[in-house]
Amino acid sequence: MKKSIAIYPGSFDPLTNGHLDLIERGSKIFDELIVAILRNPEKDPLFTLEERIQILEAEIARWPNVRAEVFDGLLVDYARRHDAGAVLRGIRAISDYEYELQMALMNRKLDPRLETVFMMPAEAYSYVSSRLVKEVARLGGSVRGLVPAIVEQRLESKINGGKSAAAKRKSK
Ligand code: PNS
């Protein structure tokens, strides 16, 4: 039987526990899952592409059928090169739906054979986004439990110059 291969694309700036929850779910329903980080020269990410791939590789090592890669260009072309039949995306709330539907339908127009599969992360992560994690960390709040420990540490050194969020709050 043909192997089911799926791509989970995103910016992952940074990787959150919501992303990891989705990767775990995806790893159970696809034979192979490729987590693909978009190389986007137009965006100004907090984490470099090298950092993001390094973090992802460390975190996905526990799932033997998951690997991380960087991609550019059209997602449908990348999926075709990898013989992938599905794109995996997470939907947390209704507010995600419009953006996700637009992307899914555009990808379907570009390649009708590629299916988009939506999965819901655990409720505990339904409000977690990379954007909010960065905002909270920048303003000295704690993101413990929302991102992997390695991301928490790197956020602290990038944003707070090595001081922990708690220490920063105390010194205010
Ligand atoms: O994590 P993000 O930033 O919401 O991920 C967006 C991503 C990477 C999935 C999307 O921007 C993408 O697929 N870009 C590749 C370019 C492409 O194929 N665009 C046309 C289809 S929408």
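Asp-111 is buried, at a relative accessible area of 7% (buried is under 20% relative accessible area, exposed over 50%, partly exposed in between; 1.4 Å probe, protein chains only). The structure is a predicted model: local features need pLDDT of at least 70, side-chain atom pairs count only at pLDDT 80 or more, and totals for chains, interfaces and linings use all residues. Residues are numbered from 1 along each chain as its sequence is written, and side-chain values use heavy atoms, with hydrogens and water left out.

Asp-111 pairs with Arg-113 in a salt bridge, with 3.4 Å between the closest N and O atoms. A salt bridge here is a side-chain nitrogen of Lys or Arg within 4 Å of a carboxyl oxygen of Asp or Glu. Arg-113 is exposed, at 63%. One network, joined by salt bridges that share partners, holds Lys-3, Glu-32, Arg-67 and Glu-69. The count of salt bridges comes to 17.

A second pair lies in helix H1. Asp-21 and Arg-25 form a salt bridge, their closest N and O atoms 2.6 Å apart. The two residues are four apart in H1, so about one helical turn separates them (helices, H or I of at least four residues, and strands, E of at least two, are DSSP runs numbered from the N terminus). Asp-21 is buried at 12% relative accessibility. Arg-25 is partly exposed at 32%.

The largest pocket holds about 1300 Å³ of space. A pocket is an open set of points on a 1 Å grid over the protein atoms alone, where a 1.4 Å probe fits, with protein on both sides within 12 Å along at least five of seven lines; lining residues have an atom within 4 Å of a point. Its volume is the space filled by probe spheres set on the points, which are joined across faces, edges and corners. The lining has 45 residues, and Gly-10, Ser-11, Arg-89, Tyr-99 and Glu-100 are the closest to the pocket centre. Elements that give two or more residues to this lining include strand S1 (5-10), helix H1 (17-29) and helix H4 (94-110). H4 gives the most, with nine residues.
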